[in-house]
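Please look at the sequence and structure below before reading on.

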Amino acid sequence: MGGLRKLAVPFVASGPSGVAVRTRLKQLAPADEKVLRLVGAHLGALASRDLKARCADALAHDGEAWAARKRELTPLSSSRWAGAITKASHDQWALSRRCQLAHIQSLEAGISTIRHRLSLPLREKGGRRAPGGYHSKWEWHAKTRRLYVLQGRLEQARTDRDVGVVHVVRGGKHLARTRHHLSAAQLTEAEWRQRWEAERWFLKADGESGKRFGNETIRVGADGEVSIKLPAPLKELANAPHGRYVLACQVRFPHRGEEWADRVEANRAVAYRIHYDTTRGRWYLTASWQIPVSRTVPLAAALADGVIGVDMNADHLAAWRLDVHGNPTGNPRRFPFDLSGLAGHRDAQVRHALIRLLNWAKACGVKAIAVEDLDFTAEKTREKHGRKRRFRQLVSGMPTSRLRARLASMADRTGIAVIAVDPAYTSKWGAQHWQKPLTHETRKTTRHEAAAVAIGRRAQGHPIRRRATPPPAHQSDVQGHRTVQAGPGTPGREGPRPRIPGPRTRCVPPDCGANAGNQSAQHRSRRSAEHEYWQQDSLPLSP
């Protein structure tokens, strides 16, 4: 046990701090689409210019520079549009800085791994914590060249971070690179250009409490009417007073619509974003607002009615319900999902699987779901698993962060607590201690289902290992079975099983009175000879 790492203590995950709902802008007039395109393109150009200025300021940026950028944009748009653009530029620069730091840490980890593997002899066997040597001289030579490449990238990244230089692409770096591979992406130049321009539009505004309907820039009334504050150069397109343009359609939010309506009627801040999906040719409106983080319940209170252990895999969720003593009850459940296709399809698949999981938890009356606190950042590196490409693709395809965020948000609405546990050894120990005992003639327990039991027991504070089975001679009713988990406070849990009064037969109930053990008092016919009173008759006397 000295080689095992220390396990983290299970904890109840905190709930979400914000809400985002989306709806479609249906039945837009051609004039409405024209205005949205013009406003998005104009504000997108201003956002690109402002982001360039923010990146040029680098680490020398301060509040005065921010105010100067806003004053420069105000005559070309409006005061609120300028505030939204400058805030978006600042947030994007800060996000790039965080990604830059993560990239540096990834390069450092890769360099350290390569150096370790180069120091080992060829074909040196590795372990679970450290990889072994390289398989051939050719691979060893190739990795020495890659080591110098990574060192050069690390030096450049560190230099950029020291001076505050970041590399940002409005519209996305992936879409920018797709321009050079249109045939592989099955896009024409016109289709790519349309998608590129739509991604670079800027049509979002932060909310402001105390203002009408919670937003003065993109206003959505309680009746669903959508109006936009036009920038100064496009005021001639207004069809409403005060330089506003009212869309011909009305919207409603099917999900959390009542919460949104309450905020709008109370003039509380609601942020909006208008987005155009070039693939479907549809316009969407996204509303978001902040909510107070719900208080997390104590761990003991969450586990009062048992727990459902969930093991996340690349194509399904394996779940098993455990009682308060850590015993698996009922049958395991499997919730499959398909992570192929576009990002929207993958997100919908994860959401539908979590909906089925939460509905099952509510039907069982369980108030807690235990999941692993997974982080595959260090497990999917190219330097550690270079030859295991399928394994790296499998791990990279698992939506760990998205699933955790989705589950925490959806469980908060249903009143179910999410318990995060340490993922160490759950699959290995679950298969070792629970897969075979839970397998019988009508059901074969999988390794993932056994891991779900291990996750649930770890959340409850029980050891994953089952109680040792007594020798066969002691598995009688006198000694009792000791493989069942009992509560720590249960009296006599280490003692023998209490004897139930009454005969050991299926046709007579155990509580049949004081004469339960007396077979003669039951007036049964054809009593067996073993219950008869035996007495030897006296020998006859000879005459």
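How many of the seven residues of strand β10 (residues 316–322) are buried? Six of the seven are buried, so that the strand is mostly covered, where buried means under 20% relative accessible area, exposed over 50% and partly exposed in between, with a 1.4 Å probe and protein chains only. The model is predicted, with local features needing pLDDT of at least 70 and side-chain atom pairs counting only at pLDDT 80 or more, while totals for chains, interfaces and linings use all residues. Residues are numbered from 1 along each chain as its sequence is written, and side-chain values use heavy atoms, leaving out hydrogens and water.

Strands (E, at least two residues) and helices (H or I, at least four) are DSSP runs numbered from the N terminus, and two strands pair if DSSP finds at least two bridges between them.

| Partner of β10 | Sense | Bridges | Hairpin link |
|---|---|---|---|
| β9 (residues 307–312) | antiparallel | six bridges | three residues |
| β11 (residues 328–336) | antiparallel | six bridges | five residues |

M312 has L317 of β10 as its bridge partner, whereas L322 stands opposite P328 in β11. In the turn between β10 and β11, G326 has a positive phi of about 90 degrees.

Turning to the helices, the axes of α3 (residues 79–118) and α4 (residues 137–163) come within 9 Å and cross at roughly 150 degrees, the axes being lines fitted to C-alpha atoms over the stretch in contact, with angles from 0 to 180 degrees between N-to-C directions. The two helices α3 and α4 are therefore roughly antiparallel, a class for angles over 145 degrees, against under 35 for roughly parallel, 65 to 115 for roughly perpendicular and the rest for oblique.
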